[in-house]
Amino acid sequence: HLASAGIDVYQTREPGGTPMAEAIREVMLADWQESVSGLTELLLVFAARLQHLTHEIKPRLARGQWVVCDRFTDATYAYQGVARGTPLAYVAALENWVQEDLRPDLTLYLDLDPEIGRQRIADREQDRMENEQAEFFRAVRAGYLQRVETESAMQLIDASQTIEEVRAAMLAVVDPYIRQHLA
């Protein structure tokens with residue numbers, strides 16, 4: 001949609017986005033014989049994020065490209081902070097250290113009851129994170145909803161609707177943003 005509006009856009013994901021960051025993602029999501037603490041996950045996410053920011057995101061933003069990223073720091077607050085119980089102050093400290101003043105201009109949070117989400121991904125192979133219990137995903141959702149309340153750049157989209165309705169709701173947020181930033 002952004003490209004069709006004449007915007008030079010780069011699409012990426014986190015954790016990941018560079019070869020090293022993707023390798024860190026694989027380590028983070030692997031099914032280990034030992035438990036993985038929230039702090040370990042947090043450090044891995046921010047290690048991957050630093051690589052991603054350094055080698056992809058910041059250079060592209062400096063060239064005037066728009067960056068669309070599937071997950072970023074709000075996900076870290078929700079997953080590693082709230083759901084894993086890692087102090088949010090740790091997340092904030094790493095956010096400030098690794099990202100400095102870089103924050104998303106706009107974040108779309110697609111909200112969905114975790115049970116419906118599990119049903120939607122039931123037919124694909126699950127990673128360590130996706131194999132978590134329902135209670136974990138309820139905490140993730142609560143973490144995102146807390147962020148929606150405190151972060152003005154975050155917009156909630158009801159993802160329980162049809163794909164067409166979700167797309168329309170997203171465009172109702174994105175199109176005014178495009179008009180405002182291309183004027």
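Analyst: Happy to! Buried means under 20% relative accessible area, exposed means over 50%, and partly exposed is in between. Please keep in mind that this is a predicted model.

User: Thanks! Is Thr73 buried or exposed?

Analyst: Thr73 is found in helix 3. Its relative accessible area is 3%, and the cut-off for buried is under 20%. So Thr73 is buried.

User: Which residues does Thr73 touch, not counting those up to four places away in sequence?

Analyst: Contact here means heavy atoms within 4.5 Å. With residues up to four places away in sequence set aside, Thr73 touches Phe46, Arg49, Glu95 and Gln99.

User: Which residues of helix 2 are buried, and which elements do they pack against?

Analyst: Helix 2 covers residues 38-62. Its buried residues are Gly38, Glu41, Leu42, Val45, Phe46, Ala48, Arg49, His52, Leu53, Glu56, Ile57 and Arg60. These buried residues pack against strand 1 (9-13), helix 1, strand 2 (66-70), helix 3 and helix 4 (88-99).

User: Now the inside. Which residues touch the most other members of the largest nonpolar core?

Analyst: In soluble globular proteins, nonpolar side chains tend to be buried together. Here the largest nonpolar core has 15 residues. Those that touch the most other members are Tyr79, Met129, Phe136, Val140 and Tyr144.

User: Which element gives the largest share of this core?

Analyst: The elements that give two or more residues to this core are helix 1 (19-29), helix 3 (73-83) and helix 6 (134-150). The largest share is five residues, and it comes from helix 6.

User: What is Phe136 in contact with, leaving aside its neighbours within four places in sequence?

Analyst: Phe136 is one of the residues that touch the most other members of the largest core. Beyond its neighbours within four places, Phe136 is in contact with Tyr79, Ala83, Arg84 and Met129. Another core lies apart from the largest one and has nine residues, among them Phe46, Ile57, Phe72 and Val98.

User: What about the backbone: which residues join through a cis peptide bond?

Analyst: Look in the loop between strand 1 and helix 1, where Pro15 is found. Omega is about -15° for this bond. The cis peptide bond joins Glu14 and Pro15.

User: What is the phi of Arg71, and what is the phi of Glu100?

Analyst: Arg71 has its place in the loop between strand 2 and helix 3, and Glu100 lies in the loop between helix 4 and strand 3 (107-111). Neither Arg71 nor Glu100 is a glycine. Phi is positive for Arg71, at about 80°, and for Glu100 phi is also positive, at about 55°.

User: Last one: is Ala172 buried or exposed?

Analyst: Ala172 is found in helix 7 (residues 163-182). Its relative accessibility is 53%, and the cut-off for exposed is over 50%. Ala172 therefore counts as exposed.

Definitions and conventions: Residues are numbered from 1 along each chain as its sequence is written. This is a predicted model: local features need pLDDT of at least 70, side-chain atom pairs count only at pLDDT 80 or more; totals for chains, interfaces and linings use all residues. Side-chain values use heavy atoms; hydrogens and water are left out. Helices (H or I, at least four residues) and strands (E, at least two) are DSSP runs, numbered from the N terminus. A nonpolar core is a set of buried Ala, Val, Leu, Ile, Met, Phe, Trp, Tyr and Cys residues joined through side-chain atoms within 4.5 Å. Buried means under 20% relative accessible area, exposed over 50%, partly exposed in between (1.4 Å probe, protein chains only).
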